Amino acid sequence: MPSRSKTLNREMEESLFEFIYLKAKTNIKIREILARECYNCFFKFWIKACSELEKRGMITMTDQKYIAFLDESKNIEDKKLRAYDYVFVDEFQDINPLDLNLVKAIVKRNQSKLTIVGDDDQAIFEWRGATPEYILNPARFFDLQFHTYTLEVNYRSPSNIVKSSQRLIAKNNNRVEKNIRSANQAKAEIEFHRTIDLRDALDIVHKISQNSNNRQNASRIAIIGRKRSELIPYQVYFASEIKVPFYAAEDLQLFLSDTFGRLLSLLEIKVNMRNHQSIRVSDILTLCNYIRRFPLHRDDQRSLSNYLYKSESNKLEQEQVIDIIEKYPGPWKGSRKPSTVSLDVADALRKFVRAESVSAVLQSFQEKFIGLQPDFGKFSKADEDIFYADPPFEQLADYASSYGDNYHEFLDSIRSAQSTLVKTTDFGDECEDNPLDHTVHLMTAPRAKGKEFDVVVLLNLRKGTWPDRRAALELEETKQLAEAERRLFYVVFTRAKKKIVMLLGNSQNEDSPYINELELPEQTGR
């Protein structure tokens, strides 16, 4: 990148100025000052950092694509560098704006003929900037005329999977109509199981894995959840209770996050408190670090600590200490009403102290400890620690219900799962003799794309999960999200080669609308 620094410098400066001119609601002179300040403070550093990363071979795939885009754009008029008559792009429904502009630059420089291949019904990567619009309306994004050919034979899925999935996806409006048929006339087994609770679901999945992995009929099994947190209990169960090997992709590293480790430390505090009538000041300060969004400021820690020591809290019972905290006058950094904060802190501590079971303590974290809850706002903690993207309190509390107040056994189970967790696989081209072919795979729905399994288990088929509760709202602005959610379900449903098992919630939960949209005949267990 050093040789490109001047080009980058100029292009980034021009782009920044243009952006601020368009967005900043102020006069031109001030906008120019803002752009210049931002450029001097950040973009010069960014260019230098990119140059250093390239020297060390540490640039990302996105960086490489951007560099290639700059090269292609720079050499568009150089006829001597033209090398390709034809450009083929597979999985075109997955490209993002950078990918699109790179392809456009390659085609334009080489004066190539372009062929794009993809399935708009499998466009599920909108979270990374992809959109089905690119493949639905390619002429809008390229200065080219396209001829469309529809490939209507499915060579992966059994006939009943294809027919049901087509009935489902036909409910989307923003798509190309297709008449897909299966080359495989065999039918997959389709089962529903209505589960009483999480333990019932775990037992069902265990039986499926036992039946599918016997020596005479070894199968690859995918257990697919809509969210990462749904898979946490299965990881613990497989690793610590039934000792079944499993594989998990890297998007399940929530278990090994720093914050998850701190969560276990808070449970250790609960264990210590159960063994003593008093509560240590250091433990109170640790708990307070997670009751508010951010940890206590150093000055706040010192002030609260001095207040508690002067109150001789170490000689008092736990409830008495909380009563003292309730009257703490502050300060609490960032709050203009310290007395209100003290009441909230005392309320959270009281719920934590009074919780008897492991499950109740985890519920107290979910309800009262803001510093452990999902965080996507300004200065989002989810950017730094995957735990905050999807904290698994509800799932862990369900799983912990069978442990009662046995904290030691629960912590042992969690640590056993952590120690065995990461066997990962990138799910590349797997040979028939690859041991990964005969294992259990845990994954989130987006991870299932492009893969196939003998048996697929879909977890928690209830409204609010399938589809996500935001898409379940019957509002005009959610229609696009609703179609994206249906495409995601379409993808996971069509991963099954021999059998698909759908786990429904108990009768108190409303089933996923996708079940009716599949228009399946009555199936066992529903």
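**Reading strands, sheets and helix packing**

A: Let us begin with strand E9 (residues 453-458) of this predicted model, a strand that is mostly covered, since six of its six residues are buried.

Q: Which strands pair with E9, and in what sense?

A: As a general idea, strands of a sheet pair through backbone hydrogen bonds, either parallel or antiparallel. In this structure, strand E6 (residues 221-225) and E9 pair in the parallel sense over four bridges, and within that pairing the bridge partner of Ala222 is Val456 in E9. E9 also pairs in the parallel sense with strand E10 (residues 496-504), over five bridges, where the bridge partner of Phe453 is Ala496 in E10.

Q: What is the order of the strands in the sheet?

A: The sheet is an open one of six strands, with the order E5-E10-E9-E6-E8-E7 and with parallel pairing. Strand E5 (189-194) and E7 stand at the edges, and each has a single partner strand, so one side of each is left without a neighbour in the sheet. From one strand to the next, the twist averages 20°.

Q: Is E8 mostly covered or mostly open, and how are its faces arranged?

A: Strand E8 (residues 440-444) is mostly covered, with five of its five residues buried. Both faces are covered, for Val440, Leu442 and Thr444 on one side and His441 and Met443 on the other are all buried.

Q: How many bridges join E8 to E6, and how many join E8 to E7?

A: E6 and E8 pair in the parallel sense over five bridges, and Ala222 stands opposite His441 in E8. Three bridges join strand E7 (residues 246-248) to E8, and these two strands also run parallel.

Q: Which strands does helix H19 lie across?

A: Helix H19 (residues 479-493) lies across E6, E9 and E10, and runs at about 125° to E10.

Q: How should I describe two helices that pack against each other, and what is the case for H11 and H12?

A: In general, two packed helices are described by the angle between their axes and the distance between the axes. Here, the axes of helix H11 (residues 281-291) and helix H12 (residues 298-310) come within 10 Å and cross at roughly 140°. That angle makes H11 oblique to H12, and the crossing of the two helices is right-handed. The residues that meet are Val281, Ile284, Leu285, Cys288 and Asn289 in H11 and Gln301, Leu304, Ser305, Leu308 and Tyr309 in H12.

Q: At what angle does H11 pack with H14?

A: H11 and helix H14 (residues 338-354) pack at an angle of about 115°, with their axes 10 Å apart. The two helices are therefore roughly perpendicular to each other, and H11 passes H14 in a right-handed crossing. Ile284, Leu287, Cys288 and Ile291 of H11 make the contact with Val345, Ala348, Leu349 and Phe352 of H14.

Q: Which residues of helix H16 are buried?

A: Helix H16 (residues 393-400) is mostly covered, with six of its eight residues buried, and these are Phe393, Gln395, Leu396, Ala397, Tyr399 and Ala400.

Q: Where is Asp94 placed, and is it buried or exposed?

A: Asp94 has its place in the loop between strand E1 (86-89) and helix H4 (97-110). Asp94 counts as buried because its relative accessible area is 12%, and buried means under 20%. Leaving aside its neighbours within four places in sequence, Asp94 is in contact with Asp99, Gln122, Phe125, Arg128, Ala130 and Lys449.

Q: Where is Gln320, and what is its relative accessible area?

A: Gln320 is in helix H13 (residues 318-326) and is partly exposed, with a relative accessible area of 39%. The C-alpha atoms of Gln320 and Ser278 are separated by 9.3 Å, although these residues are 42 residues apart along the chain.

Terms used
Residues are numbered from 1 along each chain as its sequence is written. This is a predicted model: local features need pLDDT of at least 70, side-chain atom pairs count only at pLDDT 80 or more; totals for chains, interfaces and linings use all residues. Side-chain values use heavy atoms; hydrogens and water are left out. Buried means under 20% relative accessible area, exposed over 50%, partly exposed in between (1.4 Å probe, protein chains only). Contact means heavy atoms within 4.5 Å. Two strands pair if DSSP finds at least two bridges between them. Axes are lines fitted to C-alpha atoms, for helices over the stretch in contact, and angles run from 0 to 180 degrees between N-to-C directions. Angles under 35 degrees count as roughly parallel, over 145 as roughly antiparallel, 65 to 115 as roughly perpendicular and the rest as oblique. A crossing is left-handed if the near helix is turned anticlockwise from the far one by less than a right angle, and right-handed if clockwise.
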